[in-house]
Amino acid sequence: MKERKKILAILLTTVTCVAAMCGCGKSPVNSASDSESQETATVTDSEEPAEEVTINFWHHYSAQSPENATLTEVLIPKFEEENPGITVNAVSHEWADLHDKLLISAESDTLPDVARLDSAWVPEFQKMGILVPLNKEMSDFGEVSDSLLESAMTTAEIGGDQYGLALNTNTKILYYNVEMFEEAELSVPETMDEFAEACRILSGTKENGQQVWGYDEPALSGWNLCPFIWSMGGAITNEEQTQASGYLNSPQTVAAIQMFADLYKEGAITGWNSGDIPMTDGFGTGRYAMLLEGPWKVSEMAGAYPDFDYATAPVPAGEGGSLSVLGGEDISMFQSAHKDAAWKFMKFMTSAFAQEEMAKCGQIPCNKEALESDTVKEADFAPYIEQLDHAKSRPTVASWSEIDSELSVAATAVVNGEKTAQEAMDELAAKVDALLAE
Amino acid sequence: MKLNRESKIQIGVLLLPGLLVFGIFTFYPIVRLFWMSFFKWDFGSFLNQDFIGLENYRTVLSDRNFMTAFANTLVYTIITVPAQMILGLLVAILVNAVSRFKIGFRVAYYLPVITSWVIASLIFRYVFNTEGLLNYFLTNVIHVTSQNIHWLDSRWGGMAVAMLLGIWKGIGWNMVVFLAALQTVPLELYESASLDGAGGWQKFVHVTLPGIKGTVLFALVMLTIGGFNVYTSTKLITDGKPGHDTEVVLTWMYYKAFSNGKFGYSAALSFIIAFVLAILAVVQFKLMQNKE
């Protein structure tokens, strides 16, 4: 009896300990009835009188940033003046918090009307069924959509429908160390072949015994590999985003992965290992000659290595042209929103005026008119504008985070010589097919 | 003991806050989690989950990445637990024997325990980086190698650094626990052992060890659970790289839930681990009892 009690005590203790460590997660708790009540709430909400409406806008401009100041001191007052009766309640969240808060609000039926979403989140929320398909519900969607950058709009396009408007965008371009290129008497690589050659020439051991690399890639996920895969003519999936076989294991995709593996084996590139030098430091101290990075790198370099001499260029072109990967944010409306007022606010935020104001804080506009403005032409991010016409979004599917993880596992196996690129990509394509079918 | 009505009410009132906290924050989540583990619970089924029985458990057990993570955790536990206990006991005996600076030694060995896991992990990472302190020392100071060694870039390299950190951090706790246990062994036993002609080693085996058996068992169970709980160090030192090879069960559980949104999968995984831990604890108790 005593012994049995003891065993029970041990069992309880272990279970408690384990539960304590996994219990801290914010797991989604919901029941079927909630989704019904949410639908009814939607109906009553939209029937409310249009005169006095408050719309809640959640975003992740950090509270102390110039973006937030522009939003609360310039944009919202102007919007409220133009649209009497509509009050905007803007709430700032941390980037990672916003994602989780939206998940939790979805279950407790307390979603905001409008939110600024990292474009990578849109497919997840779409699959949950909480985003409004704008092209179906908004009569003047076409006009608005035409005024915005097509490439950036694809980040919110799922299954032919549009679940958000492109709010601001970014992409990666080539950064290079001017001094290293001059010493090696190299010109900036314009093609992928020249790029690989430059990596080989610029890598090696310096006089002081320090190793240097031609190119740094801090990880092997889609954000990192897509520019190479696409530029070399490969793809992750078909156009419809339903199939990976024949695309992810096409000769072009395999060639891109193989190029990475070869260059790594020759000691010409590195960066994704746990022990490698961090990107900004490696670039600023002349250990990495080239990077593909986004507009945020400009201020990072200015802060950490103000005297460092670097320049930028488009992504080197291959069979598929010069193609980079899109980042950025979309503005989306939730099913429970005051739809008319919310749509007015979304149109305002993507208007030329609002976009130009935000461009002054370093946000790259998606509005074509704002992109032509002097503010934009004089901004730090001017070199990115050209690449934006040659940039694609990563697949907008809900299982992307898993696909992304499988891709980096497969690429890691290839660069470490455990599998050939063809083997790894064949296996990966089969796995991704299954994930896309889910 | 007979309780009258009044004291029964009194007991009930006093127990209520504790039971409520335990019920809401421990018992309910466990039940809920158990419930979740039988449903397809991810982003796609956020508002409406399907009951899928044991499918989550099957997925976890047939997942190659889970097996890697499980093997890593097991190796971590098998290596760090005995190492911490042996070194901790050794330090406890040494500290117990010295007559001067006792407190100074105790503080010195206990310092790693109160150091933040995050800070210690980051420092270990800087030391073992390919361009880190250790490689600098090896190549530029004592010149044993001209090439930097990639400590963190392989599965067992990365795991070894995490294990080293775990052992370094665990010695102090074991020392304190064993030090307390050593005080409870009656001195007369040592005296009579001396009279019987026992040497230092024999005293240790026949007097000290049986005397602290309960503590050894306690430490073993706690450290085994602790070994399965390893998270911060591996997360910060390698973060699963290369390609999920240095993932441990908790980092993998977190990754599946919060990066992939597979909450059902992670719920099932947590119960598999709880089950394994419970069996391990029972086995450990049984083994210790048989020796009696």
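This is a predicted model: local features need pLDDT of at least 70, side-chain atom pairs count only at pLDDT 80 or more; totals for chains, interfaces and linings use all residues.
**Exercise 1.** Describe how H4(B) and H7(B) are placed against each other, and state which hand their crossing has.

*Solution.* Helix H4 of chain B covers residues 102-114 and helix H7 of chain B covers residues 155-184, and the two pack with their axes 7 Å apart at an angle of about 125°. Angles from 65 to 115 degrees would be roughly perpendicular and those over 145 roughly antiparallel, so this pair falls among the rest, which makes H4(B) oblique to H7(B). The crossing itself is left-handed.

**Exercise 2.** Work out the packing of H3(B) with H10(B), from geometry to residue classes.

*Solution.* Helix H3 (residues 64-97) and helix H10 (residues 213-228), both of chain B, pack at about 145° with axes 9 Å apart, and their crossing is right-handed. From H3(B), the residues in contact include Thr73(B), Tyr76(B) and Gln84(B), while those from H10(B) include Ala219(B), Leu223(B) and Phe228(B). By class, the contact holds 7 nonpolar and 6 polar residues, with no charged ones.

**Exercise 3.** State how many helices and strands chain A has, and what share of chain A is buried.

*Solution.* Chain A has 21 helices and 15 strands, and of its 438 residues, 49% are buried.

Methods: Residues are numbered from 1 along each chain as its sequence is written. Chains are lettered from A and ligands numbered from 1 in the order in which they are written. Axes are lines fitted to C-alpha atoms, for helices over the stretch in contact, and angles run from 0 to 180 degrees between N-to-C directions. Helices (H or I, at least four residues) and strands (E, at least two) are DSSP runs, numbered from the N terminus. Angles under 35 degrees count as roughly parallel, over 145 as roughly antiparallel, 65 to 115 as roughly perpendicular and the rest as oblique. A crossing is left-handed if the near helix is turned anticlockwise from the far one by less than a right angle, and right-handed if clockwise. Two residues are in contact if their C-beta atoms, placed from the backbone, lie within 7 Å. Ala, Val, Leu, Ile, Met, Phe, Trp, Tyr, Cys and Pro count as nonpolar, Asp, Glu, Lys and Arg as charged, and the others, Gly among them, as polar. A residue is buried if 20 or more other C-beta atoms lie within 10 Å of its own, exposed if 12 or fewer, and partly exposed in between; C-beta atoms are placed from the backbone.
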